[in-house]
Amino acid sequence: MTQPVSPPRDSTDKVPSAAETPPWRAVLFRADVRTLSLLGVLAVLILIGGITKPDEFLDTRNLQLVLTQASVIGVVTVGMTFVIISGGIDLSVGAIVALASVWATTVATQEYGFGGILFTAVAVGVGCGLVNGVLIAYGGMVPFIATLAMLASARGLALQITDGRTQIVSVDSVLDLGERDAYILGIPPLVLVFAAVTVIGWLVLNRTTFGRRTVAVGGNAEAARLAGIDVRRQRLYLYLLSGLCCGIAAFLLIVLAGSGQNTNGNLYELDAIAAAIIGGTLLTGGRGTIVGSVLGVLIFTTITNIFALNNLQSDVQQIAKGAIIVAAVLVQRRTASTT
Amino acid sequence: MAPEPPLLSMSGITKSFPGVRALDGVDLDVQAGEVHCLLGQNGAGKSTLIKVLAGAHQPDTGTIRWRSEEVTLRSPIAAMRLGIATIYQELDLVEHLSVAENVHLGHEPTAAGFVVRGKVARDSTAQLLKRLGHPEIDPGRLVGELSAAHQQIVSMARALSHEVRLIVMDEPSAALDPDEVDNLFRIVGDLTADGVAVVYISHRLEEIRRIGDRVTVLKDGRAVAGGLPAKSTPTSEVVALMTGRNVEYVFPRRPTAAPQGEPVLTVEGLSREGEFAPLDLQVRPGEIVGLAGLVGSGRSEILETVYGARKPDTGRVLVDGRPLKPGSVRAAVSAGLGLAPEERKAQALLMLESVTRNVSVSSMSRFARVGWIDRGAELGAARAATRELSLRPDNPDVPVRTLSGGNQQKAVLARWLLRGCRVLLLDEPTRGVDVGARAELYAVIRRLADEGLAVLLVSSEVPEVLGLADRVLVLREGTVVHTAPARELDEHRVLDLVMEGSPAS
């Protein structure tokens, strides 16, 4: 019998004595520290932007631009956060955004006007999510592989549809959404959509059975199964959700760019994963926050903006992004181990 | 008794884990060239002791002497350098590497810094395999393609690829059929003839009689007998040593009248190939039925199959006379079954989550309208369930990982209590639970039964099954060998049954 004594296993995850700080407070504190440190990083970035380019950076139009750019990737990141919390990964988000954006802007689709474009974008996103979800949940495929396959084929299909051409949108009601006239209290509609997705995402994750099941599946899939949760169905729903977010993001992108292109959403998967990770989502699943992910998105978008304003090339941006990911994860590991 | 000083001498070894004292001053002397057997029930401390010897655990106190010199085994590598090799029961082989690569893992033959591939490694591996009586194993094959028995041989070859003076074998015969056991014994004989010492752990008394020289019996983290002659010590004495306890568990009183009423859980001819033979049993409301048997006797597999976590090959499970959909946990849970699994942390708990969320996870929809959770109602219900079981601390917001083993188990029980489950399946309910907290857990289990729950209990601790259950099924290698009311059995008889397969005369 090698297993009779289970204590050896206990030794690795030490139980903090109840006499010290109450553990619940430690958890609360840690969550706060994480959010606060992200807010701190964002504040520092804004400071840097304000100092280096005081006139351009703090200009209302520029801030509106930053938030608008954050909206597209932000919506994708909310879906990605759910998937990662459940212990999965979705590498196909960028490709789905591309496919949804070109499918929704074909000449045939545009004939149906605003509704046709919106519906098609969302339907294509959900459809791709359905394929991912079925392959992973019921086909037993590893999420990495299934979504990698989707990445390849969705991009291919997008290229096939457009034949490499940019599809200009000629539906005015769609284009108008991106105009300054459509801003509500100075906030672009795209940003409002992003805000709504964020709030709904937060509520779903923290206040609904769906969110609980997501966390349970990611934290311990076997325990979730033995507790009576339908783990496979939950996984299916999660990839559907990610696909839905991609569809919404594709629509936002169509509004923003006024066109659909097969190169849209390039490397969104990496940006979304990176934002979720620096936001404190565990890549192994079981823990993560919507607020953290959204802050991660804002940090990345702000960096891009500041670098662009200072005429720094994108290669420098990439290096800085990489360094931030490493730093964020190291800091989080530290705060996690000290508490 | 050899006159020369022992090869290995461990004295006063203690080792504590949070909440449990696994070793409590153990002494062990091993002579060169002897087969020294370690006996003890589950939880007696055998595993911890050999992990100390292998350098995997550091003892809290105590000294280890190796050839009369005091040594510290800081790491498995330190132990290996001295010539101590350990073959664990779960084989630690890399399935996707070849036999030769596994054997030389960690000390690959190198030339100018490059791993030597091919012939040299294969030849030396082939030689080792030949010495072990299995020249037919191809050193180039992937380990994952080999049978369990051959993997065992590879594991042994790896141990022997070092300069070895002492080999620890943890239940090496468990995965072997009789022919292979004979071969194993021949190898052990060859090794000891070369002066290598073998520390042999087994549950099978007949094996210990065949190859053992001396026996050390562990119980509750102490060596209750050291160096008994393996061949001549009577079985009754060995069993008495294994069972005589320092700690008397306090078991709750059984109800005087046997539970009546229709069985709520009925199992008919349930079996799984290679795990357990067709099984029939019934559990009535208010009744605790115990399954006693050693690890590997199919106990956990039975519970998990009843629960739908494994799909049966034959047979069915009925609740209130209605058959459950086979292999569906959800069907079992809806019908009122609840499982407290053996590996609480791996199979039951969401370690990052609060007690409330762990308790409510199986009944979430009850607190939710269209998916929206009423957290006040959830917290209230979780608090009521945990209070009923006196879970401490009395604050369901704390993370479940901060609880002691006993209270974690109560959180699992509270989950099913909240769900309103009617049949509770308990797999090793007191594993990892402090001795002091056990009595309380026993009282809780009995009270739940008194309130009308049907309980199916599995434990490798015979006194626990006998003390808690109303009726006991004794298992040996997947087959029920005996069924009786618990009060008609005692520990000796059950141990005889599980070790020998037939009642001792």
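Visitor: In which sense do strands β13 and β14 of chain B pair?
Guide: This is a predicted model, in which local features need pLDDT of at least 70, side-chain atom pairs count only at pLDDT 80 or more, and totals for chains, interfaces and linings use all residues. Residues are numbered from 1 along each chain as its sequence is written, while chains are lettered from A and ligands numbered from 1 in the order in which they are written. Strands are DSSP runs of E, at least two residues, and helices runs of H or I, at least four, numbered from the N terminus; pairing takes at least two DSSP bridges. β13(B), residues 265-272, and β14(B), residues 276-283, have five bridges, and the sense is antiparallel.

Visitor: Which residue takes a positive phi in the hairpin of β13(B) and β14(B)?
Guide: Within the strands, B:Thr266 stands opposite B:Gln282. Three residues lie between the strands. The positive phi, near 80°, belongs to B:Gly274.

Visitor: How do α5(A) and α8(A) lie to each other?
Guide: Their axes, lines fitted to C-alpha atoms over the stretch in contact, come within 8 Å. They cross at roughly 25°, on a scale from 0 to 180 degrees between N-to-C directions. Angles under 35 degrees count as roughly parallel. The two helices are therefore roughly parallel.

Visitor: What separates the centres of domain 1 and domain 3 of chain B?
Guide: The bounds come from an automatic or database domain assignment. Domain 1 spans 8-243 and domain 3 spans 354-418. Taken over C-alpha atoms, the separation of their centres is 43 Å.

Terms used. Parallel < 35°, antiparallel > 145°, perpendicular 65-115°, else oblique.
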